[in-house]
Amino acid sequence: MATAQRRITREYAEIQSNQLEGVKIAPIDNDMFKWNIELTGPKDSPYAGGTFKLFLTLPDNYPFKPPILSFQTKIYHPNVSNDDKGSMCLGILRSDAWKPSCKIAAVLEMARGLLLEPNPDDAVEGSIAEEYKSRKASFEKTAKEWTKQYAK
Amino acid sequence: MPQLLTHEALSESDDERAQELGTIASIFPEELTILTFTSGILNLAVTPLQPLATTSPSSGETPVLLEHLPPVKLQFSLPEAYPAAAPPTLELSTTPAWLLPEKLSAITQQCLDLWEELGHGQVVWAIVDHLQQCAERAFDVAAPFCVSDELHAELVEFNEKTKHEIFNKGTYDCGICLEPKKGTVCHALRSCGHVFCRPCLRDYYVGLIKEGDVNSVRCSDRSCVKSSTRPPPTQPPDNPDDPEAAQRAVALASLPATLPPEELTDIGVPADLVTRYVAMKKKKALEKDPNTIYCAQKWCQAPSRASVELLEETMKRNGSGYWLPDRGATPAAPAKKPKTAEEGQDHPSPLREKLQVCSVCSFAFCRVCLASWHGDFQICKSIDGKLTKEELANEEYLRLNTTPCPTCQSPVIKSHGCNHMICACDTHFCFLCSAYLAAENPYVHFNTRGTECFQRLWEGEEGDLENHLAWPAEMG
């Protein structure tokens with residue numbers, strides 16, 4: 001726990017001194033194990049103009065176990081579950097693929113990268129993935145609408 | 001009156017020779033041992049720009065690349081007449097003596113020539129510079145450098161020791177705690193060289209082994225894909241028609257190796273967890289192998305001894321532990337594919353033996369019918385009712401040519417002679433009808449009117465030889 005806290009504090013300081021594009025972080029209270037995250041929708045994506053709130057939870061035995069990332073803001077995306085959990089499917093966050101040397105900054109950058117370029121082959125929402133692949137215009141329309149409606 | 005032999009003292013001396021020595025001493029404070037005002041010993045590290053490939057008669061085919069060689073010791077003194085009228089006296093040596101005396105005297109001569117070239121001036125620095133340049137080229141020793149086994153061992157040990165010392169002096173950013181750590185508490189992973197601090201690695205691996213995730217006991221670096229220092233197998237897989245196998249081989253080669261148990265011990269993983277790691281890796285390797293035979297006792301289900309032994313043999317042959325790239329039946333050993341096992345009637349394998357013994361509970365059972373062991377000749381049916389061609393043929397042969405002993409059920413074949421049989425279990429019986437015969441008067445069976453075997457004692461006297469020879473043609 002102490003080890004985890006030290007590492008998290010260090011990572012927080014690193015991100016503070018080296019801001020990530022389109023990503024805002026704010027640990028909740030003094031508890032460094034839970035962070036509020038804000039992602040701004042990338043310019044060339046249907047999520048442009050939106051601000052997405054996420055919740056980052058770091059396990060007690062971080063970095064040996066991966067962080068958990070969930071969308072608080074509803075989003076129309078093949079890799080984010082369309083339920084109240086808003087779980088994000090990110091390869092490196094699977095516990096069998098996680099490596100302790102992976103940092104929160106990299107996780108957040110990848111999450112934002114996924115907004116720019118969804119990965120329909122590793123989707124949690126099959127029907128959205130299908131739409132993304134075969135009817136992109138229709139996908140983008142709904143994604144834009146949801147962004148307008150939920151991500152203000 | 002002893003004077004402190006510091007480089008300051010030397011530099012302040014009126015003697016030009018002492019001043020020269022003082023300059024050298026200030027450049028090489030650690031390497032130079034000052035003997036007198038005009039003499040000293042300089043130990044020059046030998047770290048060639050290209051590691052020196054070294055072999056010995058029994059070191060195997062692959063040469064060891066030495067990054068560090070034992071230092072060259074230069075003992076020198078500057079005589080009265082130096083530098084104008086006399087050259088310095090020089091003596092070069094190495095411990096152990098890895099540079100041949102001829103080589104050393106040739107280099108010594110080069111150094112003396114420098115004195116001539118410099119017009120009899122101060123030459124010590126030029127000599128040191130020359131030696132350092134020679135050292136960078138490993139003194140032009142022809143590679144591979146072939147030495148005796150004894151010297152080879154010493155050189156390898158020196159190389160390792162020096163690498164270790166240099167590593168310990170460094171500071172590394174541990175990728176897990178993200179803190180800078182001294183080399184003495186760090187560990188460079190053997191397969192890829194990535195450095196982490198030992199406490200972090202220990203905690204990481206202890207956690208993985210406790211959870212049973214032994215296949216993740218690899219380098220913790222995010223982008224590490226080095227497989228091992230071993231080159232990937234160069235020969236193509238046995239079945240070039242199977243592009244999948246080739247792909248699998250490539251995928252496996254790009255996985256970082258799981259750690260060998262000795263390395264876990266070095267990192268500080270407790271012995272009981274290292275044991276658990278080895279056992280689980282072995283179990284996983286056996287589970288991956290479709291040919292593994294498991295104990296027929298429902299409560300046991302451990303792999304059979306033959307399966308375990310075969311796995312160990314394969315691992316030994318491949319020169320890898322269960323921990324080098326994670327695989328059970330490896331691409332280098334496609335002989336263990338299920339297809340081969342089905343067709344593999346020509347080459348005997350311990351897994352083809354009917355008798356299998358459990359590696360844990362020692363239960364002896366039949367591989368085919370899974371019943372407890374019934375001897376080699378009992379005809380039994382596989383639990384799924386399928387018999388291989390070989391087993392069918394065997395069954396047919398036993399049916400046509402043998403008579404079971406009424407006591408032990410062993411099928412008995414008659415090569416020649418009468419129909420009074422004595423089994424290996426000492427039972428006397430009739431070869432025609434399997435009836436028990438009294439040992440004291442076995443022939444009464446063949447002499448009793450009205451019985452099936454009356455007067456048939458010598459029937460089939462020629463034995464089954466004829467049958468035996470005819471059989472393959474019939475089966476053909």
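## A buried serine in chain A

A:S81 is buried, with a relative accessible area of 12%. The figure comes from a predicted model, as do the other values in this report. A:S81 counts as buried because its 12% falls under the cut-off of 20% relative accessible area.

Where in chain A does A:S81 lie? The residue sits in the loop that runs between β4 (68-71) and α2 of chain A. Leaving aside residues up to four places away in sequence, A:S81 touches A:G86, A:S87, A:V124 and A:E125.

## The interface between chains A and B

The size of an interface is often given as the accessible area lost when the parts come together. Between chain A and chain B the buried area is about 1,400 Å², and carbon and sulfur atoms give 55% of that area. On the side of chain A, A:R10, A:F64 and A:K99 supply 38% of the area that the chain buries against chain B, more than any other three residues.

Counted by residues, 17 of chain A are in contact with 18 of chain B.

## Salt bridges and polar contacts

How many salt bridges are there between chain A and chain B? The count is two. A:R6 forms a salt bridge with B:E179, and the closest N and O atoms of this pair are 3.0 Å apart.

Two helices of chain A, α1 (2-17) and α2 (104-116), each supply at least two residues of the side that touches chain B. The largest share of that side, five residues, comes from α1(A). By residue type, the side of chain A that touches chain B divides into nine charged, seven nonpolar and one polar.

## A three-stranded sheet in chain B

Strands of a sheet pair through backbone hydrogen bonds, either parallel or antiparallel. Chain B has an open sheet of three strands in the order β4-β3-β7, with mixed pairing. The edges are formed by β4 (64-66) and β7 (145-146) of chain B. Each of these has a single partner strand, so one side of each is left without a neighbour in the sheet.

Strand β3 of chain B covers residues 52-55. In which sense do β3(B) and β7(B) pair, parallel or antiparallel? The two strands pair in the parallel sense, over two bridges. B:T54 stands opposite B:F145, a residue in β7(B).

Methods:
Residues numbered from 1 in each chain as written. Chains lettered and ligands numbered in written order. Predicted model: local features only at pLDDT ≥ 70, side-chain atom pairs only at ≥ 80, totals over all residues. Heavy atoms only, no water. Contact = heavy atoms within 4.5 Å. Buried area = accessible area lost by both parts, 1.4 Å probe. Salt bridge = Lys/Arg side-chain N within 4 Å of Asp/Glu carboxyl O. Helix = DSSP H or I, 4+ residues; strand = E, 2+ residues; numbered from the N terminus. Nonpolar A, V, L, I, M, F, W, Y, C, P; charged D, E, K, R; others polar. Buried < 20%, exposed > 50% of the residue type's maximum accessible area, 1.4 Å probe, protein only. Pairing = 2+ DSSP bridges.
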